Amino acid sequence: MTSAPQAGPGAASTANTPDAADAPDAPGDGAATSADGARGLAERAAALGRELATALVSAGDEARLAAQLRELAARLGGLAGPAPADGTPPADTRARPAAHHGQEPASRSGAVGPDEDDSPVRRGDITPISSPRNPLAPPLVIEREADGSAVGRASLPLQYQGPPERVHGGIVCLMLDQVLGSAAHPKGAAPAYTRVLEVEYLAATPLDAPLTVRGWIERTEGRKRFLAGTVAHGDTITARATGLWVAPREAG
Ligand SMILES: CCCCCCCC/C=C\CCCCCCCC(=O)SCCNC(=O)CCNC(=O)[C@H](O)C(C)(C)COP(=O)(O)OP(=O)(O)OC[C@H]1O[C@@H](n2cnc3c(N)ncnc32)[C@H](O)[C@@H]1OP(=O)(O)O
């Protein structure tokens with residue numbers, strides 16, 4: 001716990017998280033380098049958060065974990081600013097969600113990599129399921145296929161458990177919402193929101209195993225996009241979904 005931050009046990013975490021050697025914080029071309037450096041730092045901090053979450057739910061030696069956490073807490077003390085006497089979070093932390101409406105601040109939007117599309121779901125992703133810089137996210141790594149469908153891949157560690165040894169159904173639904181939402185936004189499409197999402201849980205979705213989440217558009221009717229998708233482990237489809245994404249009227 002006191003060594004350099006590492007990705008959590010999920011394979012996808014490793015894929016999404018730059019290691020120390022890759023962190024783009026070396027001196028270079030001014031503002032872009034600084035933004036990239038902050039991004040790499042955020043992703044490493046999130047990876048540490050994931051590792052901590054896994055340790056908290058799975059540690060066998062609780063006394064050792066407690067000692068490690070005391071040491072870590074002492075090192076990190078003051079990181080988020082001085083704690084108010086009444087124990088409430090610092091004011092800037094509480095203000096942030098309302099301030100950026102679920103997107104990253106505009107100043108960071110330039111950090112989107114060349115391999116990412118400009119879909120509103122992908123741009124500046126800070127969601128709790130697919131963002132590499134959000135420690136709540138495994139993260140699910142989502143790619144767009146040549147046919148326009150979206151594919152997400154992740155291996156979910158113990159903190160995502162619902163019933164013993166199975167991924168929580170709400171997390172399965174969350175993965176589908178994000179991947180179908182990604183598929184619902186081909187390049188240039190107006191932002192649309194999940195109006196209906198129906199999930200059938202067909203079989204256990206295993207923890208700590210590679211999962212593939214697929215989403216695709218079945219048909220479009222004006223501002224309505226009808227989606228379908230699956231969650232699979234190997235050849236086993238563990239869940240399937242259908243959904244409706246609707247662009248608000250004013251968006252056309
Ligand atoms: C994916 C979003 C991307 C865009 C964001 C860009 C910026 C952020 C960037 C990066 C962040 C990434 C974020 C990832 C997000 C992951 C997914 C989510 O969590 S989405 C949040 C949860 N969902 C909501 O908050 C929607 C809440 N609902 C609404 O806001 C409205 O209901 C809305 C805009 C969706 C529709 O409003 P109306 O007033 O137009 O609704 P009416 O007219 O009643 O229905 C629309 C059409 O749908 C049909 N419809 C309704 N229910 C139906 C049903 N059950 N079956 C079939 N059709 C149905 C209706 O008949 C109507 O069709 P007819 O216009 O008449 O042809």
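Glu-165 is exposed, with a relative accessible area of 66%. This is a predicted model, and in it Glu-165 sits in the loop between β2 (150–155) and α5 (169–183). Its backbone has a positive phi of about 70 degrees, although Glu-165 is not a glycine. Most residues other than glycine have a negative phi, and most peptide bonds are trans.

Two other places in the chain can be read against that background. Asp-208, which is not a glycine either, has a positive phi of about 50 degrees. Asp-208 belongs to the loop between β3 (193–201) and β4 (210–221). The other place concerns a peptide bond: Pro-138 and Pro-139 are joined in the cis form, with omega about -10 degrees. Pro-139 is part of the loop between α4 (91–100) and β1 (141–144).

From the loops we can turn to the strands. Six of them form an open sheet in the order β1-β2-β4-β5-β6-β3, with antiparallel pairing. β1 and β3 are the edge strands, each pairing on one side only. From one strand to the next, the twist averages 20 degrees. Within the sheet, β4 and strand β5 (residues 224–233) run antiparallel and are joined by nine bridges. Thr-220 has Arg-225, in β5, as its bridge partner. Helix α5 packs on the sheet and touches β1, β2, β3, β4, β5 and β6 (236–246). The direction of α5 makes about 50 degrees with that of β4.

Is Ser-182 buried or exposed? Ser-182 counts as buried because its relative accessibility is 1%, and buried means under 20%. Apart from residues up to four places away in sequence, Ser-182 touches Val-121, Arg-122, Ile-142, Arg-144 and Ala-150.

With 46% relative accessibility, Tyr-201 counts as partly exposed. Which residues does Tyr-201 contact, leaving aside its neighbours within four places in sequence? They are Gly-169, Gly-170, Val-172, Cys-173, Thr-238 and Ala-239. For one of these residues, Gly-169, the backbone oxygen is reached by the side chain of Tyr-201 at 2.7 Å. A separation of 10.0 Å lies between the C-alpha atoms of Tyr-201 and Thr-230, which are 29 residues apart along the chain.

Finally, there is an annotation from a database record. UniProt, in an unreviewed entry, places the feature "domain: Thioesterase" at residues 167–224. In the model, that span is 26% helix and 38% strand, and its end C-alpha atoms lie 30 Å apart.

Key
Residues numbered from 1 in each chain as written. Predicted model: local features only at pLDDT ≥ 70, side-chain atom pairs only at ≥ 80, totals over all residues. Heavy atoms only, no water. Helix = DSSP H or I, 4+ residues; strand = E, 2+ residues; numbered from the N terminus. Buried < 20%, exposed > 50% of the residue type's maximum accessible area, 1.4 Å probe, protein only. Contact = heavy atoms within 4.5 Å. Polar contact = N/O pair within 3.5 Å; in protein donor to acceptor, adjacent residues only side chain to side chain. UniProt positions renumbered as here; feature names shortened; annotations may be inferred. Pairing = 2+ DSSP bridges. Axes fitted to C-alpha atoms, helices over the stretch in contact; angles between N-to-C directions.
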